[in-house]
Amino acid sequence: MKIIMLGAPGAGKGTQAKQIAAKYNIPHISTGDIFRANIKNGTELGKKAKEYMDQGLLVPDELTCDLVMDRIAQDDAKNGFVLDGFPRTIPQAEALTAALTKIGQSMDFAIDVDVPDENIIGRMSGRRACLKCGATYHIVSIPPKQEGICDTCGSELVLRDDDQPDTVKKRLDVYHAQTQPLIEYYSKQGILKSVSGTQPMETVFANIVEILGE
Ligand code: AP5
């Protein structure tokens, strides 16, 4: 099963993608996590990506597309994958469609997690992220067992640099201008499904499982 998660920054794509990956036994491929791991490891890609991410801008398509195409060609993705944060522009979506068409495949579902802008800022300021294993928490709705420490790997939790309110506003503008058109793109392909992301996380996941099947 090949799934794309769509939605504004902070809509809950990552939260849901991790659960989908676990339930359907497919890899969770998050371009944001890949870029953050590269930043943490001080790679050239990380240095370039950070310049854009810190400003709330998208990393250029030429740095992003090949990386994802290489990742989905790996062995563990042969039975499917859940893409979180990619595609984010029409050229990225076209590159994905073209790469899959070449091998006689196509995406199965594009799931839009719908959350109004006014809910997003509060979510992001309360989010705490583990840069080591990618786990995310929220200081009110999903606090870690020990404040500031990841339940999964014991590393320190941080407020992401791009979760500062001014940067979140910029990311929302970028989302509306460059990523929201993908809703129409996948609607025309007949694979778009929408769920309300303002419900409790378990309800959002149950709605997604209804779409994907048990
Ligand atoms: P990325 O990491 O992909 O960020 P994003 O898309 O902006 O999404 P987030 O990770 O911020 O949010 P999310 O929707 O996953 O929400 P989450 O589940 O964490 O990308 C970061 C940057 O990298 C981009 O700005 C860009 O610069 C670059 N980049 C990445 N991919 C790129 C690409 N393809 N092309 C170009 N550049 C790219 O949830 C958010 C919070 O809400 C959490 O605290 C969570 O606990 C809480 N929460 C989740 N669900 C619920 C719920 N139902 N109720 C209450 N709280 C909830």
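**View 1. The loop between α1 and β2, with Asn-25.** In this predicted model, the loop that connects α1 with β2 contains Asn-25. The backbone of Asn-25 adopts a positive phi of about 55°, although this residue is not a glycine. For comparison, most residues other than glycine have a negative phi, and most peptide bonds are trans.

**View 2. The cis peptide bond between Phe-86 and Pro-87.** The bond that joins Phe-86 to Pro-87 is a cis peptide, with an omega of about -5°. Pro-87 belongs to the loop that runs between β3 and α5, the latter comprising residues 90-102.

**View 3. The parallel sheet of five strands.** Five strands make up an open sheet in the order β2-β3-β1-β4-β8, and their pairing is parallel. At its edges stand β2 (28-30) and β8 (192-196), each of which pairs on one side only. On average, and with direction ignored, neighbouring strands of this sheet are turned by 20° against each other. Within the sheet, β1 (residues 2-6) and β3 (residues 81-84) run parallel and are joined by four bridges; in this pairing, Lys-2 stands opposite Phe-81 of β3. Helix α8 (residues 181-188) packs on the sheet, where it touches β1, β4 (109-114) and β8, and the direction of α8 makes about 150° with that of β1.

View 4. A three-stranded open sheet has the order β6-β5-β7, with antiparallel pairing. Strand β5 (residues 127-130) runs antiparallel to β6 and is joined to it by three bridges, and the bridge partner of Arg-127 in β6 is His-138. Helix α6 (residues 117-126) lies across β5 and β6, running at about 45° to β5.

View 5. In Arg-171, a polar side-chain atom lies 2.5 Å from an oxygen atom of the ligand, and in Arg-160 an N or O atom of the side chain is 3.2 Å from a ligand oxygen atom. A polar side-chain atom of Thr-31, by contrast, is placed 2.7 Å from a nitrogen atom of the ligand. Taken alone, the ligand exposes 1,000 Å², of which the protein buries 95%.

**View 6. The shell of residues around the ligand.** Which elements give two or more residues to the shell around the ligand? They are α1 (13-24), α2 (31-40), α6 and β6, and α2 gives the most, with four residues. The ligand is surrounded by 35 residues, and the closest are Thr-15, Leu-57, Arg-88, Arg-127 and Arg-171. Arg-127, one of these closest residues, is also the bridge partner of His-138 in β6, and Arg-171, likewise among the closest, is the residue whose polar side-chain atom lies 2.5 Å from a ligand oxygen atom. By residue class, the shell divides into 14 nonpolar, 13 polar and eight charged residues.

Methods. Residues are numbered from 1 along each chain as its sequence is written. This is a predicted model: local features need pLDDT of at least 70, side-chain atom pairs count only at pLDDT 80 or more; totals for chains, interfaces and linings use all residues. Side-chain values use heavy atoms; hydrogens and water are left out. Two strands pair if DSSP finds at least two bridges between them. Contact means heavy atoms within 4.5 Å. Axes are lines fitted to C-alpha atoms, for helices over the stretch in contact, and angles run from 0 to 180 degrees between N-to-C directions. A residue is near a molecule or strand if one of its heavy atoms lies within 4 Å of it. A polar contact is a pair of N or O atoms within 3.5 Å; within protein, one must be able to donate a hydrogen and the other to accept it, and residues adjacent in sequence count only if both atoms are side-chain atoms. Accessible areas come from the Shrake-Rupley method with a 1.4 Å probe; for residues, only the protein chains shown count as cover. Ala, Val, Leu, Ile, Met, Phe, Trp, Tyr, Cys and Pro count as nonpolar, Asp, Glu, Lys and Arg as charged, and the others, Gly among them, as polar.
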